[in-house]
Amino acid sequence: MSKANKSEKVSPELDTPTDLPQAAVDKISASLNVLLADAFALYMKTKNFHWHVSGRHFRDYHLMLDEQAEAIFGTTDQLAERVRKLGGVTLRSIGQIAKLQTIQDNNEAYVPPREMLRELMEDNKHMAAAMRKAHKLCDDHEDTGTAQLLELFVDETERRTWFLFEASRQESANAA
C-alpha cells in the first residue's frame with residue numbers, strides 16, 4: 001500500500017510500500033532516527049576518547065575503544081536502512097544529528113582514562129534503554145523486523161557496557 005498521499009514527509013520518489021499504518025511508520029521512524037543520531041554521537045565520542053586516551057593502559061584502552069567505535073558505526077547503516085524499508089525518512093545531516101541526539105558530547109581538553117570509560121559505559125547503558133523503548137514501540141505495532149534488529153543491537157550494547165565497566169574498575173576492588 002503506497003503512503004504518498006498520507007504523508008507529506010516522504011517524497012513520492014521515496015515512498016516505500018509497507019503494510020504498516022502510517023502512524024506506526026512515523027513513530028518507529030522517529031524513534032529509530034533518535035537512535036541513529038545517538039549512534040553517531042556515541043561513535044564520535046568513542047573515537048574522541050580513542051584518539052585522546054593516555055596513561056599506563058593506553059594500548060588496551062586505545063584498541064578497545066577503536067573496536068567499540070567500529071561496532072557502533074556498524075549499526076548506523078542498518079538503522080537508517082530500516083527506516084527506509086518501513087517507508088520513513090532518515091537523517092540527512094550533521095545538523096539533524098545534533099538536534100536529535102540525546103547522548104551528550106564531551107569537548108573537554110583532557111579527560112582521565114577511567115572517566116572516559118565510565119562516561120562511555122553510562123552512554124551505552126542509555127543507548128540500551130532507548131533501544132528497549134524502541135523495541136516496545138515495535139512490538140506495539142507488530143514490527144518484528146525492527147524488533148529483531150534492536151534485539152541484536154541491545155546485546156552488542158550490553159557487551160560494550162560490560163567491557164567498559166570491567167576496564168574501569170579500580171585495581172583490586174570489586175566495585176565500580
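What percentage of the 176 residues of the protein count as buried? The share is 44%. The model shown in these views is predicted.

View 1. Along the sequence, the protein reads α-α-α-α-α. Its C-alpha atoms fill a box of roughly 60 × 30 × 20 Å along the principal axes. Among contacts between residues at least 6 apart in sequence, 76% join residues that are at least 24 apart.

**View 2. Helix H4 packs against helix H5, with axes that come within 8 Å.** H4 covers residues 113–140, and H5 covers residues 144–168. The two axes cross at roughly 160°. An angle over 145 degrees counts as roughly antiparallel, and H4 and H5 are therefore roughly antiparallel to each other. H4 passes H5 in a left-handed crossing. Sorted by class, the residues in this contact are 15 nonpolar, six polar and eight charged.

**View 3. Helices H2 and H4 pack with their axes 12 Å apart.** The angle here is about 25°. Angles under 35 degrees count as roughly parallel, so H2 and H4 are roughly parallel to each other. The crossing of H2 past H4 is left-handed. On the H2 side, the contact is made by Tyr61, Met64 and Leu65. On the H4 side, Pro113, Leu117 and Leu120 take part. By class, the contact of H2 with H4 has six nonpolar residues, with no polar and no charged ones.

**View 4. The largest nonpolar core has 40 residues.** The members that touch the most other members are Leu32, Leu35, Leu65, Leu79, Met131, Leu150 and Leu164. Two or more residues of this core come from each of helix H1 (22–52), helix H2 (58–86), H4 and H5. H1 gives the most, with 11 residues. In soluble globular proteins, nonpolar side chains tend to be buried together.

**View 5. Leu150 is one of the core members that touch the most others.** Which residues does Leu150 touch, not counting those up to four places away in sequence? They are Leu32, Leu35, Leu79, Met131, Ala134, His135 and Cys138. Leu32, Leu35, Leu79 and Met131 are also listed with Leu150 among the core members that touch the most others.

**View 6. Met127 is found in helix H4.** Is Met127 buried or exposed? Its relative accessible area is 3%. Buried means under 20%, so Met127 counts as buried. Leaving aside neighbours within four places in sequence, Met127 is in contact with Leu35, Asp38, Ala39, Leu42, Ile103 and Thr157. Thr144 lies 17 residues from Met127 in sequence, and the two are 20 Å apart in space, C-alpha to C-alpha.

**View 7. Glu142 is found in the loop between H4 and H5.** Where Met127 is buried, Glu142 is exposed, with a relative accessible area of 68%. The cut-off for exposed is over 50%. Phi of Glu142 is near 55°, a positive value in a residue other than glycine. Most residues other than glycine have a negative phi.

Conventions
Residues are numbered from 1 along each chain as its sequence is written. This is a predicted model: local features need pLDDT of at least 70, side-chain atom pairs count only at pLDDT 80 or more; totals for chains, interfaces and linings use all residues. Side-chain values use heavy atoms; hydrogens and water are left out. Axes are lines fitted to C-alpha atoms, for helices over the stretch in contact, and angles run from 0 to 180 degrees between N-to-C directions. Helices (H or I, at least four residues) and strands (E, at least two) are DSSP runs, numbered from the N terminus. Angles under 35 degrees count as roughly parallel, over 145 as roughly antiparallel, 65 to 115 as roughly perpendicular and the rest as oblique. A crossing is left-handed if the near helix is turned anticlockwise from the far one by less than a right angle, and right-handed if clockwise. Ala, Val, Leu, Ile, Met, Phe, Trp, Tyr, Cys and Pro count as nonpolar, Asp, Glu, Lys and Arg as charged, and the others, Gly among them, as polar. A nonpolar core is a set of buried Ala, Val, Leu, Ile, Met, Phe, Trp, Tyr and Cys residues joined through side-chain atoms within 4.5 Å. Buried means under 20% relative accessible area, exposed over 50%, partly exposed in between (1.4 Å probe, protein chains only). Contact means heavy atoms within 4.5 Å.
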